[in-house]
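Dear colleague,

Please find below the structure I promised to hand over. My notes on its strands, sheets and helices follow it.

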Amino acid sequence: MASTFQNPLWIFAGQGARRPGDVTGLSAARSLFERIAAVTDLHTEGADTDGNDPNQYSGVVQPALLAIAHACALACKARGGEPGGVLGHSFGEYAALVTAGVLSLDDALRIAALRGQAMAELSDGSSSMLAVTGLSASVAERISRDLRASGRYVFVAAYNSPSQTVLAGERVALSSAAQRCRSVGARDARFLQIPFAAHSPLMQPARERMASELSKVWIGSPTVPFFSSVTGKLTKNSEDIRELLVRAVTEPVDFRQAIISALQCGYGKIVEIGSARPPKLLGLVAETCCKDLPERALPRLACVSTDADAPDGRPFTPRLAGAGRRQ
């Protein structure tokens, strides 16, 4: 299939894609960290985390991660790279929208700080998230519905690929969900190091704060195609995007459908921008292409983590049955 767009699709991972203090090899990162302090009154000196640091869920971390992703995008643009479209997984949508000219960097940093603070206030450890691998989304949905019917709060939080679904809810209920998933054939059901139930109705207090803040922010029309990971569709209207950013707080990520929509546009290359090594999303992209669009050639996959990777990215070869077909 010929590519509809000459330039590649740029995709941006969410929180957990890399450590926020890891700016090695990114020339623009330090100045962007200084920008965080200027527009949010937050300081990034303590932003380094190792996944066990409680500071991982402070207000500073999401702006820091946004700055890193934006530094990678700037490195690509400085070397002649331009996106033919953008897509973000969860919090990665903010970097995607800055790249597409929908949000100003300063507004995105301020919203990211508020988003991080609002989530930190809900991170008391009573809720969490569970990644389920090797089970269809329909089965994961059924298990979550059954548990809710018995009064336990479990929701689908992300449709990542044909074989990976993420659940969110009360931690005790998720333990029951993990047992049920394994009993019906899941290869794995593991807790993520996230002390809140992101992308579920349990985040309603954060959604209300985000709605108030987003109502004050200028939002433009995308300068390149933007694929929403809430609806999984190409989205052009600025007010629709404002609404989707609010909905994203309590509704599931549909990364799988967003990738299908983008692949159907004919992109010949997909570049993951800003993740640490190895990249977090490209394996999901490859699986989705192979399983959901078996007639489509797998696009070339690459990732940019430092200035040296820009603009074309380091090639990525997925370790997936069927993913080695014609590209």
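Strand β1 (residues 9-12) and strand β8 pair in the parallel sense over three bridges; helices (H or I, at least four residues) and strands (E, at least two) are DSSP runs, numbered from the N terminus, and two strands pair if DSSP finds at least two bridges between them. The model is a predicted one, in which local features need pLDDT of at least 70 and side-chain atom pairs count only at pLDDT 80 or more, while totals for chains, interfaces and linings use all residues. Residues are numbered from 1 along each chain as its sequence is written, and side-chain values use heavy atoms, with hydrogens and water left out.

The six-stranded sheet

β1 and β8 belong to an open sheet of six strands, ordered β7-β2-β1-β8-β9-β10, with mixed pairing. The edges are held by β7 and β10 (314-315), each of which has a single partner strand, so one side of each is left without a neighbour in the sheet.

Strand β8 (residues 269-273) has five of its five residues buried, so it is largely enclosed by the rest of the structure; buried means under 20% relative accessible area, exposed over 50%, and partly exposed in between (1.4 Å probe, protein chains only). Lys-269, Val-271 and Ile-273 point one way from β8, Ile-270 and Glu-272 point the other way, and all are buried. The bridge partner of Trp-10 in β8 is Val-271. With strand β9 (residues 300-304), β8 pairs in the parallel sense over five bridges, and here Ile-270 has Leu-301 of β9 as its bridge partner.

Helices on this sheet

β8, helix α10 (residues 282-292) and β9 make a right-handed β-α-β unit; a crossover is right-handed if, with the strands pointing away from the viewer, the path from the first strand over the helix to the second runs clockwise. α10 lies across β1, β8 and β9, running at about 165 degrees to β9. For such angles, axes are lines fitted to C-alpha atoms, for helices over the stretch in contact, and angles run from 0 to 180 degrees between N-to-C directions; contact means heavy atoms within 4.5 Å.

Helix α9 (residues 255-264) lies across β1, β2, β7 and β8, at about 170 degrees to β2. Seven of the 10 residues of α9 are buried, so this helix is largely enclosed by the rest of the structure. Those buried residues are Phe-255, Ala-258, Ile-259, Ile-260, Ser-261, Ala-262 and Leu-263. Their cover includes β1, β2 (85-88), β4 (154-161), β7 (226-227), β8 and α10. Just after α9, Gly-266 takes a positive phi of about 95 degrees.

The four-stranded sheet

A further open sheet has four strands in the order β4-β5-β3-β6, with antiparallel pairing. β4 and β6 are at its edges with a single partner strand each, so one side of each is left without a neighbour in the sheet. On average, and with direction ignored, neighbouring strands of this sheet are turned by 20 degrees against each other.

β4 and β5 pair in the antiparallel sense over six bridges, with Ala-158 opposite Val-166 in β5. α10 packs on this sheet too, touching β4 and β5, and its direction makes about 80 degrees with that of β4.

Strand β3 (residues 127-133) is mostly covered, with seven of its seven residues buried. Ser-127, Met-129, Ala-131 and Thr-133 point one way from β3, and Ser-128, Leu-130 and Val-132 the other way. Seven bridges join β3 to strand β5 (residues 164-170), and the two run antiparallel; Ser-127 stands opposite Glu-170 in β5. β3 also pairs with strand β6 (residues 188-191) in the antiparallel sense, over four bridges, where Leu-130 has Phe-191 of β6 as its bridge partner.

A helix pair

Helix α2 (residues 61-78) and helix α3 (residues 92-99) pack at an angle of about 35 degrees, with their axes 9 Å apart. The contact is made by Leu-66, Ala-69, His-70, Ala-73 and Lys-77 of α2 and by Tyr-94, Ala-95, Val-98 and Thr-99 of α3.

With kind regards
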